[in-house]
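Biologist: I am new to this kind of structure, and I would like to learn how its features are read. Could we go through it together, one feature at a time?

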Amino acid sequence: MWIMAGSLYPRTSRDLMDYRETDALVMDYSDSNPAQSRSLTVTNTDDESLLNAMIDGMGTHGAQHDLNGYMHSFEQSDHHYEDANDYTGASNVMDTLEDLSLEFGKYDDFHTIDWLRDIARDRMHHRQVVKKRQGGLWRRLKGAHDAWSGWVCVLLVGLAAGTCAGIVDIGTSWMSDLKEGVCLDAFWFNREQCCWSGSSNNETSLSEETDCGQWHSWSRMFGVEGDGTGSYFIAYSMYILWAVFFAMVAALLVRMFAPYACGSGVPEIKTILSGFIIRGYLGKWTLLIKSLGMMLTVASGLSLGYEAPFVHVACCCGNIFSYLFPKYSRNEAKKREILSAAAAAGVSVAFGTPIGGVLFSLEEVSYYFPLKTLWRSFFCALVAAFILRSIKPFGNDYLVMFSIDYNEPWTLLELIPFILIGALGGLFGVFFIKYNIKWCKFRKTSRLGKFPMFEVLGLVLITSLLSYPNHYTRMNSSELIRLLVSRCGPEDNSELCDYNRNSDLSEPYKWSALAGEGVGSAVWKLTLALLFKMIITIFTIGTKIPAGLFIPSMAIGSIIGRLVGIGMEQLVVNNVDSVFFSKICESQDKCIITPGLYAMVGAAAALGGVTRMTISLVVIMFELTGGLEYIVPMMVAVMTSKWVGDAFNRDSIYDAHITLNGYPYLDHKEEFTHTTIAADVMRPRRNDPPLAVITQNSCTVEEAENLLRNTEHNGFPVVVSRESQYLVGFVLRRDLNLAIANACKTSDGVVSNSIIYLTEQVSCDPNGPAPLKLRKILDLAPVTITDQTPMEIVVEMFRKLGIRQTLVTHKGCLLGIITKKDVLRHIAQLRNQDPESILFN
């Protein structure tokens, strides 16, 4: 019998050989005496060298016949064993699982995938396809279809994501305006569309609501004209009623039809892309309810956004379309390549930033990102952005949400306030993460978590009651950001643009000026809006409704930046003669400070403080605004924000929620610096029951069924005997369960005392029950380590190889097992955290 640590063993009739390529492949082979096992290291992992090394190593052990038999059988077009006797030695017993179902090798809910196994299956599948291309036109077409299936899949995902984004944005705009009034001529128009549908420009002015004859405010609908108390009271009441209605409908849809549609979905997407299985999280009902819920919650006026949930929506599209292609539907590792591309498309349509979306997928959410996934992610994001541009949901000729129309220069002196804004953004991120996690923990442990509908009701009532009186909290967060990053022009008559400008200058709106009373009033309102949004967002994120934090964080940051920008502007204008501002001012009345730029930098700093993104965030902000000249200020602010945030806590809001929910996620960005060894972590430990194992040729069906019934382990090591404990291989719980159930239904003579054989040699007793041969489900090459292996190496194996578990041996004898959950619990314990908080479900 031979055993290889990178695997050449039959699992199913469709997958007779798993071939794992590594930099150095270690092969162990043994004969009937396990004590005489040997090892061989191969540094060249091409097929021919590998097979030659295996044959040379097996030599006198008689394994060359087995290897040739496997290779000969694999070359058969139907992928079945050519002759059962070739694989059972002198026995006449046919393998009980001659035709394994496609159910074998799949994963249960709340389990992690085996990256090595799935990637090896894909490589073998590719070799099969290449070999079949030589067999005629039809097989060549099938091979071509297999080659382009990945591109076709991401094309469909991009089309679906762009369409969903356009519909959601248009629906959100209509619902948001519905809180203020309705277009009687065409009720499906929002206010802007309604007013521009008038017959003359005089009737379609958007400067004042009363100037638009087609749009009817709710006070006007109730017969109350003017701006008196009655009109204000009706508008206030209808605003609250519509907000409550939208939020409650969203909460009800999530609770009744798709519980997974709540939140932003980014922590779960990160966990899924790391190899975790959450059935239903990317399903069609989740897609539908998430899309509807996003429109309803944003329109309700709650302090949240739909940009981050677009990542979840796009990944739902990716999961659904992957089932059209067997190459991805039957391979969880390959499916995650599609999901990585879908995540890029989600950010692309959320902001209109295709390149930023690709970098976001690479930097923030993806766990396995090969080069071909980079290309496909770029293509998927490009298609999604093109579809979004065709729909024009932003109501202009730009792809981005916050396009700026100025390019005023900035000076090196302004790096000081930019650094200050970055530090404030980092501090905001620390504050937000700390208290949001505290509130979420309280929600989980108190009675409040049992009544999510009442929590949403109370939250929307408080938000709508307090936000309506302040113009800056009443408006949509995206509109607020667009207002704050813009530059004042001749057509602007808002409070933020109330400056005492010198009309004698040739370009009076280009230069900074002394602030008027309106700016002072706006500063106070923005300060109150800042405090309100900082507090209410803490309680909003984490509720059982679709909710993202990109836009709320950017809105808070843009307020901070605009306030700092106004302060810097007035400081310069009032001290024109100072030597410090000589580079900013050309003359007495010609100083250039752009508060909108400060708002833009503040938005990037706050979002960076919450998410700890760097490169992708800068690119997103550049694409979002089109401000190519302002990349350096944004880079400075984002890096400062990250440094300040990491000084207090290195976890982003997504990592904090992953830890809070106990998801089995191993962050590859963290370093393991402790000196523990595998024996300190493996199970069973002292005073624990012995490890559940299966013997290779003495375990009965009844014993196996009792083992499955009384344990919840993901799989079981296979040993020679309970006395020797020499390791033979590993069998998955799901495969064993399905194999026994299938054999009992289809095979005659299999009873409870039938012996299960996981070996080639089968002993036949004419007077005894029929044996059950299940060697096909046995993994002959499980990943193993010794008990003295440093945990630093073990952690890197779990991170970079994506293994589910590793077996711990000592001189060939099985000692224990280490699972991903054990590693996570060990890391939590070393951090003085509760190790029992790491849960798979």
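Biologist: In which sense do S16 and strand S17 (residues 805–810) pair, and over how many bridges?

Modeller: Please keep in mind that this is a predicted model. As a general idea, strands of a sheet pair through backbone hydrogen bonds, either parallel or antiparallel. Here S16 and S17 pair in the parallel sense, and 3 bridges join them; to find the place by eye, look for Thr784, which stands opposite Leu807 in S17.

Biologist: What is the order of the strands in the sheet that holds S16 and S17?

Modeller: The order is S16-S17-S18 in an open sheet of 3 strands, and the pairing is mixed. Strand S16 (784–786) and strand S18 (813–819) are the edges, and because each has a single partner strand, one side of each is left without a neighbour in the sheet. When direction is ignored, neighbouring strands of this sheet are turned by 35° against each other on average.

Biologist: Which helix lies across S16, S17 and S18?

Modeller: That is helix H27 (residues 791–801), which runs at about 60° to S18 while lying across S16, S17 and S18.

Biologist: Now I would like to turn to helices. At what angle do helix H15 (residues 415–445) and helix H21 (residues 595–611) pack?

Modeller: For a pair of helices one reads the angle, the distance between the axes and the handedness of the crossing. H15 and H21 pack at about 35°, their axes lie 7 Å apart, and their crossing is right-handed.

Biologist: Which residues of H15 and H21 meet there?

Modeller: On the side of H15 they include Pro417, Phe418, Gly422, Gly425, Gly426, Gly429 and Phe432, and among those they meet in H21 are Leu597, Tyr598, Gly602, Ala605, Ala606 and Gly609. Sorted by class, the contact of H15 with H21 has 12 nonpolar residues, 6 polar ones and no charged ones.

Biologist: How many disulfides does a search of the whole structure find?

Modeller: The search finds 3 disulfides. In the link of Cys183 and Cys194 the sulfur atoms are 2.2 Å apart, and the torsion about the S-S bond is about 75°, so this disulfide is right-handed.

Biologist: What handedness do the disulfides of Cys488 with Cys497 and of Cys585 with Cys591 have?

Modeller: Cys488 and Cys497, with sulfur atoms 2.1 Å apart, have a torsion of about -85°, so their disulfide is left-handed. Cys585 is joined to Cys591 with an S to S distance of 2.0 Å, and with 110° about the S-S bond that link is right-handed.

Biologist: Is Cys380 buried or exposed?

Modeller: Cys380 is buried, because its relative accessible area is 0%, and the cut-off for buried is under 20%. By that reading Cys262, at 17% relative accessibility, also counts as buried, and so does Cys585 with 11%.

Biologist: What share of the 841 residues of the protein counts as buried?

Modeller: The share is 56%. To place our examples in the whole, the protein has 28 helices and 18 strands.

Technical notes. Residues are numbered from 1 along each chain as its sequence is written. This is a predicted model: local features need pLDDT of at least 70, side-chain atom pairs count only at pLDDT 80 or more; totals for chains, interfaces and linings use all residues. Side-chain values use heavy atoms; hydrogens and water are left out. Axes are lines fitted to C-alpha atoms, for helices over the stretch in contact, and angles run from 0 to 180 degrees between N-to-C directions. Helices (H or I, at least four residues) and strands (E, at least two) are DSSP runs, numbered from the N terminus. A crossing is left-handed if the near helix is turned anticlockwise from the far one by less than a right angle, and right-handed if clockwise. Contact means heavy atoms within 4.5 Å. Ala, Val, Leu, Ile, Met, Phe, Trp, Tyr, Cys and Pro count as nonpolar, Asp, Glu, Lys and Arg as charged, and the others, Gly among them, as polar. A disulfide is a pair of cysteine sulfur atoms within 2.5 Å. Buried means under 20% relative accessible area, exposed over 50%, partly exposed in between (1.4 Å probe, protein chains only). Two strands pair if DSSP finds at least two bridges between them.
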